[in-house]
Amino acid sequence: MKPDAEAPAAGVDPGDLEQAVWLRLLERLRETGAPERPAEWLRRAVRAEARRARRTSDRERPYRDEPAHEPGGAEPHGSPEHSLLAAEGRRALRAAVTRTPGRCPGVLTAMLDPQDPTYREIAGELGISQGSLGPTRSRCLGCLRRMLAAEVPAPGRRGRVC
């Protein structure tokens, strides 16, 4: 049984649930040794941890004086932290766009243009057909997504970058 299946119903991150189950396993190994039927033990442990997480989240409430803040969520708009993080994100995005291969820097820069040009305008500016712009944009966005996720370009199939 995977924690991914139980985590949404418990309102907990699947990684947190998995980590809690590993902790229970380590505690059990120290106290009584390995379970006789590991699959059954794992199923029961995941469900028990999910119930425990659900009960805990039902009791936890944010302070009335403070806005609820989601872990890993954005800071309130207008705060210095939010402005700094937004500017840093834009810088990282622009830097990653310049590192993309082939026509991608031109296509992505045109897509990020604040004037919001149409596909026809972008295709005319780049000298490519309007019909090939969509698939090119899709490949470039996939490449950019992988680059930003890893913060370095990952080699693709057959040694190609992205």
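In helix H4 (residues 80–99) of this predicted model, Glu 88 and Arg 91 are three residues apart, so about one helical turn separates them. Their side chains form a salt bridge, with an N to O distance of 3.9 Å. This value falls within the 4 Å limit applied to such pairs. Glu 88 is partly exposed, at 46% relative accessibility. Arg 91 has a relative accessibility of 51% and counts as exposed, because the exposed class covers values over 50%.

In total, the structure contains six salt bridges. The side chains of Arg 24 and Glu 27 meet in a salt bridge at 2.9 Å, N to O. Arg 24 is partly exposed, with 27% relative accessibility. Glu 27 is likewise partly exposed, its relative accessible area being 27%.

Arg 24 also forms a salt bridge with Glu 49, and here the closest N and O atoms are 2.6 Å apart. Because Arg 24 belongs to helix H2 and Glu 49 to helix H3 (residues 38–59), this pair ties together parts of the structure that are 25 residues apart in sequence. Glu 49 is buried, at 6% relative accessibility; the buried class applies under 20%. The salt bridges of this region form a network that links Arg 24, Glu 27, Glu 49 and Arg 52.

Packing between helices was examined for H6 and H7. Helix H6 (residues 119–126) packs against helix H7 (residues 130–150) at an angle of about 95 degrees, and their axes are 9 Å apart. H6 is therefore roughly perpendicular to H7, since angles of 65 to 115 degrees are assigned to that class. On the H6 side, the contact involves Tyr 119, Arg 120, Ile 122 and Ala 123. These residues meet Gln 130, Leu 133, Gly 134 and Arg 137 of H7. By class, the contact of H6 with H7 comprises four nonpolar, two polar and two charged residues.

Note on methods:
Residues numbered from 1 in each chain as written. Predicted model: local features only at pLDDT ≥ 70, side-chain atom pairs only at ≥ 80, totals over all residues. Heavy atoms only, no water. Axes fitted to C-alpha atoms, helices over the stretch in contact; angles between N-to-C directions. Helix = DSSP H or I, 4+ residues; strand = E, 2+ residues; numbered from the N terminus. Parallel < 35°, antiparallel > 145°, perpendicular 65-115°, else oblique. Contact = heavy atoms within 4.5 Å. Nonpolar A, V, L, I, M, F, W, Y, C, P; charged D, E, K, R; others polar. Buried < 20%, exposed > 50% of the residue type's maximum accessible area, 1.4 Å probe, protein only.
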